[in-house]
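Have the model open while you read.

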Amino acid sequence: MPSSTSPLTSKPAWQALVAHHAKLREVTLRELFDQDPGRGERLTLDAAGVYLDYSKNRVTGETIQLLLALAAESGLRERIDAMFRGEKINVSEDRAALHVALRAPRDAAIVVDGHDVVPAVHAVLDRMAAFVDRVRCGDWKGHTGKRIRNVVNIGIGGSDLGPVMAGEALVADRDGSLEFRFVSNVDGADFAGATRDLDPAETLFIVASKTFTTQETMTNAHTARDWLLRGVGVGAGGDSGAVARHFVAVSTNAQRVAAFGIDTAQMFEFWDWVGGRYSLGSAIGLSTMLAIGPARFREMLAGFHEMDEHFRCAPFSHNLPVLMGLLGVWYNNFFGAQTVAVLPYAQNLHRFPAYLQQLAMESNGKRVTRSGDPVGCDTGPVYWGEPGTNGQHSFYQLLHQGTRLVPCDFIVFANSPGSPVAQHDKLVANAFAQAEALAFGRSADELAAAGVSGQQAAHQVCPGNRPSNMLFLDQLTPTALGRLVALYEHLVFTQAAIWQIDAFDQWGVELGKVLAQRILAELDGPAEPPPVHDGSTNALIRRYRTRRGA
């Protein structure tokens, strides 16, 4: 087969897709459905607990075959196998990217640097479960002997977005005796708001930082420690073992954890082959396990693993993440679509689009290939969205009548135990209706038949031909959430393989951190800091120093 490292745009399948797009770009979804009445049932896939209807995409059978050929020419099969084997596919950091090991069953074997990592994964999960059981049953008590009733997760990025998203998604499965809060922003208002009504004597903090040096997380952790010590009568600067009763760590830096005052017996580790945005199934999910319990947490891991195995084993033509990833490439690179809207028709998934923003944009927001050459085409699109039906009264106007093409992913559940059936029917009806309206629109002839014509009709015409996927699941359970997250993880990986980029580093994030440390010293340094930045930044530093505290 052709080399997967040859320039993407020179591959035969890419060139064939360019020619195919030229023929298909003026064909409408109305025409495609008229020509193929069975399309709505044929262009579907039911696997791993997820039903995908991709019939409302601007594709034909030929399109799919050409996209599958592009996947083959790009070496997707080899990249998948390399990831599951534990090879160091994160080339710029010389690391494996093995989040799939976090949800592998006990009897699996996955080797990294000559060591089977699965036993260590389950050892940490077992330690987490033992701790969670102690907290949930009231055996673990705070410094004053009170039972823990509040859990505050302190982290940022992958150490926050995953736990927040899962905590909200699985709110129906939460232990009602525990209150959960999340602090991420270094803005002191975030911590103050999260703890304003909490009793320090009943509060447990989870500090999630792999190195225990992350600026935002450690700033908030020190603020939390001072708040806790004052609240239990020890006072800032003291301890008397109070920190060890109210703080646990998710980290790999035992020395810094101990120096903070946390008992390293309550330090839950994870590994450098786990990227932050892929870490929900690791000890980063400790707050999630506290919320839903060890058994339900393992159900979520089982959902992850089910989708992992589907991705690893299913033929690409019947592979959910592969098909969705290739459809994304089709719109991103051939139609020029710059964004993807994720529209969960489930209020409890209201943080899911934000979670996907990091997953997709930190992974695929790259401008060079794995070998360091310019990519030669657009890579990761912008992900955004809100739950339905809220979004319908916000940004759907642009989706229907705007000038930009925005592919949409609708996420719908057949059952919602927390909602009356009649009310859930209305929610689902709206989701199906929006997808239909986006695809087929409303023509001038249809408006004329309804008595609307002239200028008024011009305002009411909806052109349609706006593509969407419909993801349909039975119910939002821990298992379903695991399937859904893994689906998007592997979708992102599929696209990275096509674009020949490294989905597992994030060097663009680092530059701002370095500059922030330099500027921080200058904000509180000599009376007139040296003008080492650009004119704008120097002026802003001077203005801040002048106005601070004014």
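A right-handed β-α-β unit is built from β10, α15 and β11; right-handed here means that, with the strands pointing away from the viewer, the path from the first strand over the helix to the second runs clockwise. Helices (H or I, at least four residues) and strands (E, at least two) are DSSP runs, numbered from the N terminus. This is a predicted model, where local features need pLDDT of at least 70 and side-chain atom pairs count only at pLDDT 80 or more, while totals for chains, interfaces and linings use all residues. Residues are numbered from 1 along each chain as its sequence is written, and side-chain values use heavy atoms, with hydrogens and water left out.

Strand β10 (residues 339–344) is parallel to strand β11 (residues 382–384), with three bridges between them; strands count as paired if DSSP finds at least two bridges. T339 has V382 as its bridge partner in β11. β10 also runs parallel to β12, joined by four bridges, and there P344 is partnered with I411.

## The largest pocket

Now for the open space. A pocket is an open set of points on a 1 Å grid over the protein atoms alone, where a 1.4 Å probe fits, with protein on both sides within 12 Å along at least five of seven lines; lining residues have an atom within 4 Å of a point. The largest pocket comes to about 1100 Å³, a volume being the space filled by probe spheres set on the points. It has 41 lining residues, and T214, Q506, V509, E510 and K513 are the closest to its centre.

Elements giving two or more residues to this lining are α9 (215–231), α15 (352–364) and α21 (507–523). α21 gives the most, with six residues. By class, the lining of the largest pocket holds 15 nonpolar (Ala, Val, Leu, Ile, Met, Phe, Trp, Tyr, Cys and Pro), nine charged (Asp, Glu, Lys and Arg) and 17 polar residues (the others, Gly among them).

## The second largest pocket

The second largest pocket holds about 480 Å³ of space. Its lining has 26 residues, with A346, Q347, N348, S416 and S419 nearest the centre. Two or more residues each come from β12 (408–415) and α17 (421–440), and α17 has the largest share, at five. The lining of the second largest pocket splits into nine nonpolar, 14 polar and three charged residues.
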